[in-house]
Amino acid sequence: MPKILEGAAISAAIKQEVAEEVRALAQRGVRPGLAAVLVGNVAASEIYVRSKVATCAELGLYSDLITPPEDVTTEAMLGLVAGLNHRDEIDGILIQLPLPKQVDTKALLDAVDPVKDVDGFHPVNAGRLQANRPALAPCTPAGIIEILRRSGIAIAGRHAVVVGRSDIVGKPAAMLLLHENATVTICHSKTRDLGAITRQADILVAAIGHAGFITPEMVRPGATLIDVGINRLSTREEFDRFFKGDAKRESAFQKRGSTIVGDIDPRAFALAGAYTPVPGGVGPLTIAMLMANTVRAAKMRRGL
Ligand code: NDP
């Protein structure tokens, strides 16, 4: 039977550690603070940001939710970020993506002070990560390493194949796996004969953004499968493609009118040695690592 890598339990353990650290910092008069910037009214972004702010409260961090209007300009956003860079009670700045089209996302991410860049998206932090110097690493990839480590899955010497090369997930995940001494292959949309490569993976990380893209034939039996994808299925046809006959999913689908599938076809999980489910695998780690990064940023900025 494959081992299920329960991200929710690992996330809870990390959050507990963060809360303990927050309590210890309070004794020294330090309260880590996060500013969350949510532009406009994208429903998914609102859910993510509100749960980040709620987690701050739960763990004892200070937070400030800033909600500029949908038609905000790049200049106004740059002014806002400059203000946050200077506010002493703010240790981490999170700008929820995607931003509206008129806002220059790269200019904005580059304007965040790298010591407050808790998403790890600033080029300085990307460079530090590449050079294997202590850095604020992007939260989802850092969460992947925590899942592997805390589940006792060896990384050193194994062949890790990462499908996806985004700056947010694929590239930093590959870099972190490399620093853990995996032999790493990065694949993307121009990769030829993808299945031949994924079948060599001891650890397969899928961060593509296509529902069930990695099929059972693309997986080596016994591999560890890390599924980063979050894809919503809202039609009966989409649902039946992956979950026909799955009673538990069916009742959830009936209740909510949709369900979520990752970038790995769930039928591939039966072949795995271990896998992260969707939902409940990689997803919960992202917020936990954001909290951990905010505390880390608070300590780094004060030289603690
Ligand atoms: P991006 O769209 O930025 O990147 C997708 C990557 O997949 C690209 O590098 C692209 O290649 C590659 N790709 C696309 N099609 C193919 C293909 N046919 N064959 C091989 N590679 C392909 O997505 P993100 O990295 O931001 O996100 C990936 C997934 O992870 C999404 O489902 C997203 O929702 C999810 N996600 C989940 C998070 C979590 O907390 N669990 C956090 C962040 C993302 P190319 O570069 O050549 O275009």
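Residues are numbered from 1 along each chain as its sequence is written, and side-chain values use heavy atoms, with hydrogens and water left out. Because the model is predicted, local features need pLDDT of at least 70 and side-chain atom pairs count only at pLDDT 80 or more, while totals for chains, interfaces and linings use all residues.

**View 1. Two domains of the protein chain.** The domain assignment gives domain 1 (27-113) and domain 2 (139-285); such bounds come from an automatic or database domain assignment. Their C-alpha centres lie 29 Å apart.

**View 2. An open sheet of six strands.** Follow the order β1-β11-β8-β7-β5-β6, with parallel pairing. Strands here are DSSP runs (E, at least two residues), and helices are too (H or I, at least four), numbered from the N terminus; two strands pair if DSSP finds at least two bridges between them. β1 (3-4) and β6 (183-187) stand at the edges with a single partner strand each, so one side of each has no neighbour in the sheet. Now look at β7 (residues 203-206) and β8 (residues 224-227): these strands run parallel and are joined by four bridges. In this pair, L204 stands opposite L225 of β8.

View 3. A cavity is a set of points, on a 1 Å grid over the protein atoms alone, where a 1.4 Å probe fits but cannot get out, and lining residues have an atom within 4 Å of a point. Grid points are joined across faces, edges and corners, and a volume is the space filled by probe spheres set on the points. The count comes to one cavity of 30 Å³ or more, and the largest cavity has a volume of about 50 Å³. Its lining is made up of I93, L94, I95, L109, V112, D117, D119 and F121. Strand β4 (residues 92-95) gives the most, with three residues. By class, you will find six nonpolar, no polar and two charged residues (nonpolar: Ala, Val, Leu, Ile, Met, Phe, Trp, Tyr, Cys and Pro; charged: Asp, Glu, Lys and Arg; polar: the others, Gly among them).

**View 4. The second largest pocket.** A pocket is an open set of points with protein on both sides within 12 Å along at least five of seven lines. This one holds about 610 Å³ of space. Of its 24 lining residues, A135, E146, M289, N293 and R296 are the closest to its centre. Helices α1 (7-26), α6 (139-150), α7 (170-179) and α11 (283-301) each supply at least two lining residues, and α11 gives the most, with six. The lining has twelve nonpolar, three polar and nine charged residues.
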